[in-house]
Every structure is written in structure tokens, then in C-alpha cells.
Amino acid sequence: MLGSLTLWMEVALWVVLGSMGANLLVDLFKTVTGGKFSMDFVLGYLKDLLYYVMPLLLLAGLSLMDVTGWVVLVGYYLGALAVLLKYLMDLKGKL
């Protein structure tokens with residue numbers, strides 16, 4: 001399935017994963033410096049991987065079966081943009 005990722009789809013996926021990673025690092029820093037260390041926030045990120053990244057990978061696999069060649073790609077890029085904006089707004093709220 002990962003062979004179906006085009007260059008720009010892969011870039012969009014790395015941007016999404018990078019924004020998730022940056023948000024994780026900010027949360028980890030705030031948790032450690034706040035004095036109350038808990039691993040509960042990691043479960044939230046694992047859930048986000050399941051809810052946000054897995055559908056993107058599913059859409060990447062479905063793009064091979066798309067007859068038009070662009071409908072699933074538009075959904076993929078809109079989904080990636082929505083996840084990126086969500087994490088950027090979360091980061092802005094935390095900083």
C-alpha cells in the first residue's frame with residue numbers, strides 16, 4: 001500500500017506526522033516541567049494516529065482504484081490539511 005504514495009502525498013504525510021511530533025514534544029515538555037508526569041497524553045497521540053493517519057493511508061491505498069484519478073487525492077489532501085491545521089491551532093494555544 002505504501003507503494004501507492006506519490007511524492008506529494010508522502011510530503012503531506014510527513015508534514016502531518018511532523019506537526020503531531022512537534023505537538024507531542026511541547027506536551028512532553030509542559031508535562032515534565034509542570035511536575036506532574038503522566039503518560040496519559042501519549043495515549044491521546046496513539047489515538048490520533050489511529051483516527052487521523054490511518055485514514056490517510058487508507059485513502060492512499062484507495063487512490064489506486066480511483067477511476068477519475070483525482071477524487072480520492074482531493075480527499076487525501078483535504079484530510080492532511082485539516083489535520084495540519086488542527087495541530088497548528090493546538091500548538092498556538094499551548095504556546
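Reader: How many aromatic pairs does a search of the whole structure find?

Author: The search finds four aromatic pairs; rings of Phe, Tyr and Trp (its six-membered ring) pair if their centres lie within 6.5 Å, and planes under 30 degrees apart count as stacked, over 60 as edge-to-face and the rest as tilted. The model is predicted: local features need pLDDT of at least 70, side-chain atom pairs count only at pLDDT 80 or more, and totals for chains, interfaces and linings use all residues. Residues are numbered from 1 along each chain as its sequence is written, and side-chain values use heavy atoms, without hydrogens and water.

Reader: What makes the pair of phenylalanine 41 and tyrosine 45 edge-to-face?

Author: The planes of phenylalanine 41 and tyrosine 45 stand at 85 degrees, with the centres 6.5 Å apart; the cut-off for edge-to-face is over 60 degrees, so the term applies.

Reader: Why is tyrosine 45 called buried?

Author: Buried means under 20% relative accessible area (exposed is over 50%, partly exposed in between; 1.4 Å probe, protein chains only). Tyrosine 45 has 11%, so it counts as buried.

Reader: Why is the pair of tyrosine 45 and tyrosine 87 called stacked?

Author: The planes of tyrosine 45 and tyrosine 87 are at 20 degrees and the ring centres 6.5 Å apart, so this pair is stacked.

Reader: How do you know that tyrosine 87 is buried?

Author: Tyrosine 87 has a relative accessible area of 1%, and therefore counts as buried.

Reader: Which residues do ring pairs link into a cluster?

Author: The cluster links Phe41, Tyr45, Tyr52 and Tyr87.
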